[in-house]
Amino acid sequence: MSYQLELRHFKYFLAVADELHYRKAAEKLYISQPGLSRQIKQMEEILDAQLFIRSNRKVRLTPAGKYLKDELQLLLNHLERTEKQLKLIDRGVVGEIRIGFLGSAMQNVVPQLLLKLKKSHSKVKTSLEELTNQAQLDAIEKNRLDLGFVRVASAPKGVSIYPVFEDTFSIVLPKNHPINEAQFKNISQLSEEDFILFSKDYSPLYYATIMSICEDAGFTPNISHKSVHAQTIFKLVENHLGIAIVPTALQFGFKMDVKFIELKNIKQKAVLSVIWKKENRNPALHRCMDLILGEA
């Protein structure tokens, strides 16, 4: 008997590939475990390729399985996206653009873009998601986002990157810290302080930049705490648990007992870039990029 691949095969495969456990995948799919095993075996027969290695109750993807997983995620994300866009267009909406962003981008760049879109392309729907740099890059590659606002030095092949905003850095100190703007000369004055940074995993470029700022001043900072949220960092500073260095734009929108001193005489800058996938055919994205690149 000859079989053909169907969409259900792909969904069954991805469930097992995600869980690496047949029973858990079967429960997730609301089918029996023997039934799921038969479907996967059938799929392997159709493709004439082994997708999983099963041994001692463990399940692992073969190299062919890993390749298929990545390709299917792209395909199914695109199908889901196409279906959603189709419904929006049928209702008279141009389409939806999914935007990823870092918290600092919400201070000016993202709100300004949303206002321009509303004014120039009112029939474009937007959705926003705050994500780390790497999460945005992954989502762009896998068609889960249309564009993102990140702080990275480069982007993977197939992903375009363009700088849209350059900011200075500022020191964040407790409100009653003895050093004020008039007394401040160089960050080396704070070399004995504990530092609170955004996590290296959250933004490797930011982390490396802060380290270089301190190293240029002749010291290596003692890092006492790390976080992925500006509000958490400011709260730690407010409670005298350390000081921080952040993009200057982050000082707006927070009401805390901290003060900011801009680092005006250093070479390092906080560069925010927009990223998007070159082959993305979303018409709403093209309208959005016209606004961004036109402004730039």
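## A tour by selection

The crossing of helices α1 and α2 is right-handed, meaning that the near helix is turned clockwise from the far one by less than a right angle. This is a predicted model, in which local features need pLDDT of at least 70, side-chain atom pairs count only at pLDDT 80 or more, and totals for chains, interfaces and linings use all residues. Residues are numbered from 1 along each chain as its sequence is written, and side-chain values use heavy atoms, with hydrogens and water left out.

**Select α1 and α2.** Helices (H or I, at least four residues) and strands (E, at least two) are DSSP runs, numbered from the N terminus. The axes of this pair come within 8 Å and cross at roughly 130 degrees; axes are lines fitted to C-alpha atoms, for helices over the stretch in contact, with angles from 0 to 180 degrees between N-to-C directions. α1 and α2 are therefore oblique to each other, a class left over once angles under 35 degrees (roughly parallel), over 145 (roughly antiparallel) and 65 to 115 (roughly perpendicular) are taken out. On α1 the contact is made by K11, Y12, A15, V16, D18 and E19, and on α2 by Y22, K24, A25, K28 and L29. Contact means heavy atoms within 4.5 Å.

**Select residues 33-47.** This is α3, with 15 residues and a reach of 21 Å from its first C-alpha to its last, close to the 21 Å expected (1.5 Å times one less than the number of residues). Buried here are G35, L36, Q39, I40, Q42, M43 and E44; buried means under 20% relative accessible area, exposed over 50% and partly exposed in between, with a 1.4 Å probe and protein chains only. The buried residues of α3 pack against α1 (7-19), α2 (22-29), β1 (52-55) and α4 (63-90).

S32 caps the N-terminal end, with a side-chain oxygen 3.1 Å from the backbone nitrogen of G35. After α3 comes D48, whose phi is positive, near 55 degrees.

**Select S227.** S227 is found in strand β9 (residues 222-227) and is buried, at 9% relative accessible area. A polar atom of the S227 side chain lies 3.1 Å from the backbone nitrogen of H229. Beyond neighbours within four places in sequence, S227 is in contact with L197, F198, S199, T232 and I233.

**Select D138, then K69.** D138 is found in helix α6 (residues 133-141) and counts as partly exposed, at 27% relative accessibility. D138 and K69 are 69 residues apart in sequence and 14 Å apart in space, C-alpha to C-alpha.

Definitions and conventions: A polar contact is a pair of N or O atoms within 3.5 Å; within protein, one must be able to donate a hydrogen and the other to accept it, and residues adjacent in sequence count only if both atoms are side-chain atoms.
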